[in-house]
Amino acid sequence: MGETMNVPLLEGYRVLDLTDEKGLLCGKVLGDLGADVVKVEKPRGDQARDIGPFIDDTPDPEKSLFWFFTNLNKRGITLNLESYEGREIFRKLASGAHIVLESFEPGYLEGIGLGYAELERIHPAIILTSITPFGQKGPYAHFKATDIVGSSLGGMVRIYGDLNETPCRIGLPQFFFLGSLHGAAGSILALYRSQMTGKGQWVDVSCQEAMAKSLMDVPQWWDLNRVNIKGTGSHIISKRPEPLGELRVPRIWACKDGHVVFMFAGGAAPGMVASSKALVELANENGMALEIKDYDWAKWDASSVSQKEADKLVKPIAQFLKTKTKAELLEEALRRSILMAPIQHIGDLVQSEQLKAREFWVEVDHPELGRTIPCPGFPIKMTGLTYRPKRRAPRIGEHNGEIYGGELGLSGAELVLLKTQGII
Amino acid sequence: MQVFEGVKIADFSWVIVGPTIVREFAEHGATVVHVESHRYPDTGRVLGPFKDNKPSIDSSAWFAVRNSNKYGISLDLNKTGGQEIARKLVRWADIVCESMAPGAMAKWGLDYESCRKIKEDIIYFSTCQFGQTGPLSRYAGYGQLGAAYGGISYVVGRPGQPPPNLYNNYPDFIAPPYMVAALAAALLRRRKTGKGIYLDESQVEAGVSFMGPAVLDYMVNKKIPRPDENRDPYMAPHGVYPCRGEDRWIAIATRNEEEWLNLVKAMGEPDWPKDPKFSTLHSRKEHEEELNSFIAGWSSAYTPEQAMQLLQDAGVPAGVVSTGEDLLNDPQLRSRNHFVPLDHSFIGRHAYHAPAYRLSKTPHHLWKAGPCLGEDNLRVYKEILGLSEEEISDLIAEGIITTEADLKTFKPYR
């Protein structure tokens, strides 16, 4: 067997990727793990190529940065599944594939004679992974979903935002990424099984379920105690019985050049006591918060402290934090074990010494642009394996020759005919 | 038969990410032993909600749901005798995992290299905020700190206002499926090669990866995404609108002209969309505030469920802004059997989550509620590790297997 440790985990497994924006990240992750992923697009290119942002803000099917990211590590072919001949070609490709990924409307593939039953007939070990907003069946199976609609039905919009104001979503799309990532996990589970038994199966992924599982304890708070968690803005609100009433303490604090998250707490958690103490010490060293320098944080108890007492602690801390930058506060947080972190934007993030030390940014070569583009890498390091993307995202039909010619043995002339007929 | 029937996991991980990863294997047939002690219980147990709002060591539904299908033991790893037992567990296991601060497992002789000496082909994963290496790797963090550092917190909320708190430590839920995928791939690779591997995950990096396109936008165009409440650069209308009822909302978005016209029709063809202010996407974006207030005027007459059904029937993307209550009652989640009731020894019957995917031939199976501390001691020590009853009594007497008597005062997270 030899030293096979340095071979990426999914090397040798072929994936055919029919997904649109709802499932593209799935194939990317499988490719990140070493699979041979082939993106199958419509002859003129997938619609996801129209999704921004774009290089130089110029919409162009070969300049979509959304496409670049979600199709990293994939080769690309074009194929018209609406045509009989196109479907025949697909059947040939499927007979040599381990996994097929799709995110069409439930029932579409079956309708064109390429549903799971048919794929299984062609290739019993094949896995079909279908990624949809809500799953293949059920009352919402044919609902239309965008990121904000899906995230709302997935429960993640309700929990952000200010109390008594409009609930907020995360400003970058997450719904389909989350579902696609769970789809990658499910696909590999099915692959593991099929490699043992020779039998594949259908993996039916729901993005809504992926999100409902990602809400911390929100479903549990309703299930157990009939409490609905709602966004409370930049504060933490603890409800206490009267006459104490509600306690509001900040979680997000303004600093000189932005904001930090600081977990203001104490009580029985030693880490929290030390953290709060250390922050006050830091403030004291800067001549501030002297009025609270002797406060015993071990005595802090959010279930019994009054808002007035809390405010006496909050005010000087807030004043001090406003005098320091994100970078200064991060450095002190590290040095003194303070439970605080700057709220960084992407510009801050690319300066991160930590991410650089982990070699998290990988340079992806785009020869036709005459440049490389640094891209987020894979968040898991593995012994003996260095993550290196095999290739940038494919151009339209870039690998038609390699795959149709090289693998299926079609001649150049045949390829021309197929192209002119709109089959590929 | 299930996917991971016969696969054995020694789960030294705590709180959110580690247990969530391992649970998915347990739900697909793996045998999992979750390790903690009464002197140092899994910190997940201090997180609510608690049964009847009464915090105690076994009453956290949060902890229970993270640890479905697992056997729970109490074992003091700070004692040499405890480390010896842990090594027996490693010898039994196919996979060992942890989520401690880097270096903690090494103190107990249970890091990857030590485990490899016990079992050459062991698969071992670590997951923590920043990963095992790098200047921040010793930075004890919580999920919210990682979300702040990793950039996601910045892009939420209203422009010019402090970002809202991310209640759910969101990157802590991006990290697990990455590791489930990688771990399953590692198991697959080991079947073919007989070789183990060490997997080192950074939860912050997982979060950053979900901003991929925006990262490229910065790298290429030097653009920084700013929070813009519920607006979208490429769609209008796009937002969250008030509905009838107390604090109820609906999300509505139109991706193209067709969906915009469908929306106008569904609203009963009012006059206001006829104004040229609203005739193109560009003009709608210029008058977005006015657009949104008109739509809010319409949506306020309906409950979110009514509005959603009306709009979806008309071909418009729309969705209830679901609360926990809405999720537990959601008809689609119900049809998927997403929430699975299990009987917990202390909490009673409560809801667990199914996976996000359904395997058609070898489905998941949730059969055991999260363990009370030490609940499965006898089964694990006797049946899995083969210790005699006498040996077990001795270990209890020596305090290596801890009991309720070793419990310090329980203080929930506040």
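1. Basis of the model. This is a predicted model, in which local features need pLDDT of at least 70 and side-chain atom pairs count only at pLDDT 80 or more, while totals for chains, interfaces and linings use all residues. Residues are numbered from 1 along each chain as its sequence is written, and chains are lettered from A and ligands numbered from 1 in the order in which they are written.

2. Confidence in chain A. The mean pLDDT (the predictor's confidence in each residue, from 0 to 100) of chain A is 94, with 98% of its residues at 70 or more. Residues 1–5 of chain A stay under 50, and for them the model has five contacts beyond four places in sequence, a contact being two residues whose C-beta atoms, placed from the backbone, lie within 7 Å.

3. Domains. With bounds that come from an automatic or database domain assignment, chain A is divided into domain 1 (4–214 + 357–420) and domain 2 (235–343), and the C-alpha centres of these domains lie 44 Å apart. For chain B the assignment gives domain 1 (8–210 + 337–406) and domain 2 (238–329), with C-alpha centres 42 Å apart.

4. Overall build of chain A. The C-alpha trace of chain A spans about 85 × 50 × 50 Å along its principal axes, and the chain has 16 helices and 14 strands, taken as DSSP runs numbered from the N terminus (helices H or I, at least four residues; strands E, at least two). Of the 424 residues in chain A, 53% are buried, that is, 20 or more other C-beta atoms lie within 10 Å of their own, with C-beta atoms placed from the backbone.

5. Helix α13 of chain B. In α13(B), residues 304–313, the buried residues are Pro304(B), Ala307(B), Met308(B), Leu311(B) and Gln312(B). They lie on the same side of α13(B) because they cover an arc of only 120° around the axis, the arc being that of the directions from the helix axis to the C-beta atoms. Their cover includes β8 (249–253), α10 (257–266), α12 (288–299) and β9 (318–320) of chain B.

6. Not counting residues up to four places away in sequence, Leu183(B) touches Ile21(B), Ile95(B), Phe125(B) and Leu199(B).

Conventions: A residue is buried if 20 or more other C-beta atoms lie within 10 Å of its own, exposed if 12 or fewer, and partly exposed in between; C-beta atoms are placed from the backbone.
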